[in-house]
Number of protein chains: 2
Amino acid sequence: MSGTLFPKGGPNPAGAYFTGQSYLSALSEAGVQIFNVTFEPGCRNFWHIHHAKSGGGQILLCTQGRGWYQEWGQEPRELHPGDVVNIPSEVKHWHGAAKDSEFVHVAVEVPGEDYSTQWCEPVSDEEYSKLP
Amino acid sequence: MSGTLFPKGGPNPAGAYFTGQSYLSALSEAGVQIFNVTFEPGCRNFWHIHHAKSGGGQILLCTQGRGWYQEWGQEPRELHPGDVVNIPSEVKHWHGAAKDSEFVHVAVEVPGEDYSTQWCEPVSDEEYSKLP
C-alpha cells in the first residue's frame with residue numbers, strides 16, 4: 001500500500017490491546033471523535049465492548065485493504081473498502097486486518113453517556129488462522 | 001473517476017440548494033448521521049448555516065477529487081483526498097467541487113440540540129469562476 005488516504009499517525013497508544021502492529025491518528029475531535037486506524041497484515045484488536053448508559057458504540061468506514069469484523073457468537077464478516085460497520089454499544093466484538101493484507105478504517109465514536117471501552121481476551125491464533 | 005469509495009447513491013434530495021449535480025447516500029444513521037456526497041465538476045452547494053443551540057456542525061472527510069470549502073469573509077480553502085474540515089455551527093459557508101474535477105466527501109453530522117440547516121444564497125458564478 002503506497003500510503004493511507006487519511007493521515008496514518010504513529011504507533012497506536014492502545015497497542016497493548018492489539019495483536020500485531022497498528023497505527024492511529026485523530027482526524028477530528030470537533031464534537032465527534034474520529035480516528036484513522038491502520039492494521040498491518042495479521043494485526044487485530046482484542047475482543048472488546050463499548051459500554052454506555054445510552055448511545056455509544058462505533059461506526060467503521062473501511063477505506064483500504066481487506067479486513068474482518070466479528071461479533072461474539074456470530075460469523076466473521078469480511079470487510080473491503082467502502083464497507084460500513086455499525087457497532088452497537090454492549091456488543092463484544094473485534095476488528096482487524098486479514099492475514100495477507102493491510103487494512104485501514106476510519107472509526108467514528110458515537111457519543112454516549114458514560115462511554116467506556118472494556119478490553120477482553122485476544123482473538124486467539126487458532127481462531128484467527130482459520131480466516132482466509 | 002471510475003467509482004466512489006463509498007456508495008454514490010442517487011441524485012441529492014437537497015439538490016434545490018446546490019448549483020449543478022450532486023449525489024447523496026446515507027452511510028450510517030446509527031447514532032451519528034453520516035453521508036457520502038459526490039459533486040460533479042463545477043457543482044457546489046449554496047451558502048448555508050448549521051444552527052444548533054449547543055453542539056452541532058459538520059465534519060467533512062475528503063475522499064476523492066479536488067474541491068473547495070469557504071467560510072463567509074474568509075479565503076477559500078482548496079481540498080484534496082485525506083483533508084478534514086471541521087465546520088462549526090453558526091458559521092455561514094459552502095463546499096463543493098473544483099470547476100474541472102469531481103469531488104467526493106463523507107459528511108459527519110455533529111449531534112446538536114435543535115439542529116437545523118439554513119440555506120442562503122447561491123455562490124455566484126462570478127465568485128466561483130475566480131477559483132482555479
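In this predicted model, strand β8(B) runs antiparallel to β13(B), and 7 bridges join the two. One of the facing pairs puts Q64(B) opposite V104(B) in β13(B). β8(B) also has an antiparallel partner in β11(B), residues 84-87, with 4 bridges between them. There, Q58(B) stands opposite I87(B). How much of β8(B) is buried? Of its 8 residues, 7 are buried, so the strand is largely enclosed by the rest of the structure.

## The sheets

Let us step back to the sheet that holds this strand. In chain B, 6 strands form an open sheet in the order β1-β3-β4-β13-β8-β11, with antiparallel pairing. β1 (10-11) and β11 stand at its edges, each with a single partner strand, so one side of each has no neighbour in the sheet. Strands of a sheet pair through backbone hydrogen bonds, in a parallel or an antiparallel way. Elsewhere in chain B, β3 (residues 22-28) and β4 (residues 34-39) run antiparallel and are joined by 6 bridges. In that pair, S25(B) faces N36(B) of β4(B).

Chain A has an open sheet of 6 strands as well, in the order β1-β3-β4-β13-β8-β11, and its pairing is antiparallel. Its edge strands are β1 (10-11) and β11 (84-87), each pairing on one side only. β8(A), residues 58-65, is joined to β11(A) by 4 bridges, and the two run antiparallel. L61(A) is the residue opposite V84(A) of β11(A).

Here are some of the facing residues, side by side:

| Residue | Residue opposite | Strand of the opposite residue |
|---|---|---|
| Q64(B) | V104(B) | β13(B) |
| Q58(B) | I87(B) | β11(B) |
| S25(B) | N36(B) | β4(B) |
| L61(A) | V84(A) | β11(A) |

How are the two chains related? A rotation of 180 degrees, with 0.0 Å of shift along its axis, superposes chain B on chain A with an RMSD of 0.0 Å. The two copies are thus related as by a two-fold rotation axis. Of the interface residues of chain B, 100% are also interface residues in chain A, so the copies meet through the same surface.

The largest nonpolar core has 20 residues. Those with the most contacts inside it are I34(A), L61(A), V108(A), I34(B), L61(B) and V108(B). β8 and β13 (103-109) of chain A, together with β8 (58-65) and β13 (103-109) of chain B, each supply at least two residues of this core. In soluble globular proteins, nonpolar side chains tend to be buried together.

F35(A) is buried, with a relative accessible area of 17%. Beyond its neighbours within four places in sequence, F35(A) is in contact with L24(A), S25(A), A26(A), L27(A), H105(A), V106(A), A107(A) and E109(A). F35(A) and T4(A) are 31 residues apart in sequence, and their C-alpha atoms are 13 Å apart.

In chain B, K92(B) is found in the loop between β11 and β12 (93-97). The side chains of K92(B) and E121(B) are joined by a polar contact of 3.2 Å. Not counting residues up to four places away in sequence, K92(B) touches W47(B), H48(B), I49(B), Q70(B), E71(B), W72(B), C120(B) and E121(B).

E90(B) lies in the loop between β11 and β12 of chain B, and E90(A) lies in the loop between β11 and β12 (93-97) of chain A. Most residues other than glycine have a negative phi. E90(A), although not a glycine, has a positive phi of about 70 degrees. E90(B) likewise has a positive phi of about 70 degrees. With a relative accessible area of 43%, E90(A) is partly exposed; E90(B) is partly exposed too, at 43%.

## Cysteines

How many disulfides does the structure hold? Over all chains there are 0. The sulfur of C62(B) is 14 Å from the closest cysteine sulfur, in C43(B), which is too far for a bond because a disulfide needs the sulfur atoms within 2.5 Å. C120(B) is in no disulfide either, and its nearest cysteine sulfur, that of C43(B), is 17 Å away. Both cysteines are shielded: C62(B) is buried, with a relative accessible area of 0%, and C120(B) is buried, at 18%.

Definitions and conventions:
Residues are numbered from 1 along each chain as its sequence is written. Chains are lettered from A and ligands numbered from 1 in the order in which they are written. This is a predicted model: local features need pLDDT of at least 70, side-chain atom pairs count only at pLDDT 80 or more; totals for chains, interfaces and linings use all residues. Side-chain values use heavy atoms; hydrogens and water are left out. Buried means under 20% relative accessible area, exposed over 50%, partly exposed in between (1.4 Å probe, protein chains only). Copies are superposed by least squares on the C-alpha atoms of residues with pLDDT of at least 70 in both. Contact means heavy atoms within 4.5 Å. Two strands pair if DSSP finds at least two bridges between them. A nonpolar core is a set of buried Ala, Val, Leu, Ile, Met, Phe, Trp, Tyr and Cys residues joined through side-chain atoms within 4.5 Å. A polar contact is a pair of N or O atoms within 3.5 Å; within protein, one must be able to donate a hydrogen and the other to accept it, and residues adjacent in sequence count only if both atoms are side-chain atoms.
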